[in-house]
2 protein chains.
Amino acid sequence: YIVTKMGDDWIFLVLLGLTMALVSWSMDYASAKSLQAYKWMHGELKGNVPLQYLAWVTYPMILVMFASLFCHLVSPQAIGSGIPELKTILRGVVLKEYLTLKAFVAKVVGLTAGLGSGMPVGKEVNKPPFHLFTICFFLYLSPSIDPNHYGYTDILTVGCAVGVGCCFGTPLGGVLFSIEVTSTYFAVRNYWRGYFAATFSAFIFRVLSVWNKDAVTITALFKTNFRMDFPFDLQELPAFAIIGISCGFLGAFFVYLNRQVVLFMRRPTALTRFLTKHRLIYPGAVTLIISTLTFPPGFGQFMAGELMPRECINSLFDNFTWTKISASSAPPGLGRSSAWLHPHVSVFVILLLFCIMKFWMSAVSTTMPIPSGAFMPVFILGAAFGRLIGEIMATLFPNGILFDGIVYRILPGGYAVIGAAAMTGAVTHTVSTAVICFELTGQISHILPMMVAVILANMVAQGLQPSLYDSIIQVKK
Amino acid sequence: YIVTKMGDDWIFLVLLGLTMALVSWSMDYASAKSLQAYKWMHGELKGNVPLQYLAWVTYPMILVMFASLFCHLVSPQAIGSGIPELKTILRGVVLKEYLTLKAFVAKVVGLTAGLGSGMPVGKEVNKPPFHLFTICFFLYLSPSIDPNHYGYTDILTVGCAVGVGCCFGTPLGGVLFSIEVTSTYFAVRNYWRGYFAATFSAFIFRVLSVWNKDAVTITALFKTNFRMDFPFDLQELPAFAIIGISCGFLGAFFVYLNRQVVLFMRRPTALTRFLTKHRLIYPGAVTLIISTLTFPPGFGQFMAGELMPRECINSLFDNFTWTKISASSAPPGLGRSSAWLHPHVSVFVILLLFCIMKFWMSAVSTTMPIPSGAFMPVFILGAAFGRLIGEIMATLFPNGILFDGIVYRILPGGYAVIGAAAMTGAVTHTVSTAVICFELTGQISHILPMMVAVILANMVAQGLQPSLYDSIIQVKK
């Protein structure tokens, strides 16, 4: 059946997957190099604090302002997350000049610059790439498709799935996430198509990094290494439930805060009139404030400011119990996680500060007029919150939990993974973030507590606020 | 939003999950005890081969014939897999006396007896429980539901999801599988409902086994223990692709064979007229032949006949390379896998014989007039086939694959997992079998090759034959 039916689809889906993987990989590569240059500059200037500060602040400012200017000049439609617009289009509203080549170029360039600045704007699993992939896909390939065969919405839905899936190499989670976020009713044949294209795309994406010697073979991106024989005890479940419920409240508050910032910027006051006139001042000022606060020799030392988003996740998911080690006697293999250990300040204070600071930073910086998603910042936020709870648990039960005569230590890293899934689930009102988490970490041992936490977070958040994307749609109306 | 909207749903979904978990767990428990008694009887009679044979053959015959008789007397509608019927109902056809209490009781009793006989009929992740859960759910709870709120099909779809999900504790895979198998268009709100109820159900199901001291904590059912740092090399991908394509052909052939057997039994010849008159002779004869062939001291020694389905899967997924160990010097921890090692016969021959014999046995025994699904037998078949390819690869590359100066050994167990997913995917025409496999094994490290294999298997099988369920629908028309 499907081979004949799929004949032309097949080539089309492969091409789609290939294009997306290449674009996604190039963006990743460019922004990673940019971050590397940023860190190198910071490292080289060590000792000269004023100059170091200047470099730390100027670099992201230039990139963010460039992204903002570029988008403004080329295509203002590229600004923002992309998912709300896509959802609107899928509902049948025609948004003018939205699916154009210009918007696509603006997305790619603006996003790469934004990601390369190290600001808390969406990284890989965010919506912009997924949106831009949809655009690109629509642009280049739609003339070759039989319009009776593919509906317009079908194309967009499959495009979404591939976009999210290939961003992080999470084909399954990508397909499910895009279904949950964009659709109300869903055709199973699109599920199949999305699955096929997303797998192909994720595969190419990961093979590229193997060829580039970034990775030895295809494994998970943020691979965790928890013990498998006894990942958690049933007695830890209340703590997981607390993470879920708290993340629900925090997620709803994040959506609320984000909307308030946007609404404030829309109110016709002297300040906002001034900012609308000089478009570069708002992103510039936000970047200045955020990078000043994260400056590692300054306040940044109390919130692990030197860590770039990706390092942040890797260190939050690590296998150590930070309350049990000190900065002076760091065990081998600690790596970047040492940024969380301050010689004079407790780990709890640092994690709490990180959560509070990143919370408003993420909510504010996603309102900057550049292409940016909120998925990744929220993911980090959730991971830090989960880690905080995990470290508290590890302090409350310093000897672990006794079961059947064997003592099992508590794994704070597992709490971080669950927190990340619950928080992103609460903000986006989806449950498939759990699947994305499994695919990202390469471990499925925490599946049940994670799903319980995600569902609890969703129940709370859905009762309090619309999802971030619906909130943006409402505001933009 | 949802909390108010879900208010009454919420209690309903929890009740649904709870009921299903309890029923599923009781069935599991009863059939496990039955298998234990079977094995104990076989072990006790060691030395007395004729008596041993009599016990080996009689026990399943009694159970299967009892199941057949019970279903015939109570509710003939309970016979078969359940998914085809459900699919028909979801398409709007009214099947009389199908969703009744009688059918439910017949399903539960017949299925427990069938599973306890050790025949290759569907075990846990099969469709009958999922169907019977749907029935039970519909029966007891439908009067309390606002009919305007829930559509008839909505109830059935959510019921399916929970049924599959709680059978093995695979909530994610269960929801996706039931969507793929039963629906064409799908409402995302049902996805959410299914996810919620399935998680709750799976959770209760697993907690029950912890309380019963079967398990220490909640972990995967068929937990594998492959190395995570380097699960496979890119150079192994062609082998995975071959597994996928071969499984596609084998799956299509399985569907064909199954249909031919059913059609043969329908043709009005003297033999079939005789069998219709004496209903117990057909299942009795099939059971007699199959159990004679698997008799461990006889021919069964060449096809690991002593292994019960669950042990089969566990041993096929193990972490040893069977071609490198011999029966005489078995390493510690080999456990049940020693059944695959014969002192005089090569592992390849045993695996090949197992595949061939189980292939027709499964195709035939799923046509017996008892409640039975094909998922589990096909799953085992695929695992054995994957293992065969894996062992061949391990022999072709005895020193493993060289990469970056480090030599990595080939893991035949990983091939078995991929084969199982690909084969079940080919027979049922679904891709979510990959998700079920991750949840069953608790390891997600093989995600990309598995998805590639499942997609290839689907492409081949969908081109050759309808899915097993569609085939049954066509035949029964």
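Chain A as a whole averages a pLDDT of 76, with 77% of the residues scoring at least 70. Among the elements of chain A, the lowest mean pLDDT, 50, belongs to helix 5 (residues 127-141), and the highest, 89, to helix 15 (residues 412-428); helices (H or I, at least four residues) and strands (E, at least two) are DSSP runs, numbered from the N terminus.

This is a predicted model, in which local features need pLDDT of at least 70 and side-chain atom pairs count only at pLDDT 80 or more, while totals for chains, interfaces and linings use all residues. Residues are numbered from 1 along each chain as its sequence is written, chains are lettered from A and ligands numbered from 1 in the order in which they are written, and side-chain values use heavy atoms, with hydrogens and water left out.

The secondary structure of chain A comes to 18 helices and three strands. Of its 477 residues, 63% count as buried, where buried means under 20% relative accessible area, exposed over 50%, and partly exposed in between, with a 1.4 Å probe and protein chains only. Among contacts in chain A between residues at least 6 apart in sequence, 79% join residues at least 24 apart. The accessible surface of chain A comes to about 17100 Å², and 68% of this belongs to carbon and sulfur atoms; such areas come from the Shrake-Rupley method with a 1.4 Å probe, and for residues only the protein chains shown count as cover.

What pairs the charged side chains of helix 14? In chain A, Arg387(A) and Glu391(A) meet in a salt bridge at 3.1 Å, N to O, the term standing for a side-chain nitrogen of Lys or Arg within 4 Å of a carboxyl oxygen of Asp or Glu. Both residues lie in helix 14 (residues 375-396) of chain A, four residues apart, about one turn of the helix. Arg387(A) is buried because its relative accessible area is 0%, and Glu391(A) counts as buried at 0% as well. In chain B, the side chains of Glu391(B) and Arg387(B) meet in a salt bridge at 3.2 Å, N to O, and these residues too lie in helix 14 (residues 375-396) of their chain, four residues apart. The structure holds two salt bridges over all chains.

Phe66(B) and Phe70(B) both lie in helix 2 (residues 49-74) of chain B, four residues apart; Phe66(B) is partly exposed at 40% relative accessibility, and Phe70(B) is partly exposed at 23%. Phe254(B) and Phe359(B), in turn, form an edge-to-face pair, 5.6 Å centre to centre with 85° between the planes. This pair links distant parts of the chain, with Phe254(B) in helix 9 (residues 237-266) and Phe359(B) in helix 13 (residues 347-365) of chain B, 105 residues apart. Phe254(B) is buried at 1% relative accessibility, and Phe359(B) is buried at 10%.

Most residues other than glycine have a negative phi. His429(A), however, has a phi near 55°, a positive value in a residue other than glycine, and is found in the loop between helix 15 and helix 16 (433-441) of chain A. With a relative accessible area of 15%, His429(A) is buried. In chain B, the phi of His429(B) is near 60°, also positive, and His429(B) is buried with a relative accessible area of 15%.

Notes: Contact = heavy atoms within 4.5 Å. Phe/Tyr/Trp six-rings, centres within 6.5 Å; stacked < 30°, edge-to-face > 60°. pLDDT = per-residue confidence, 0-100.
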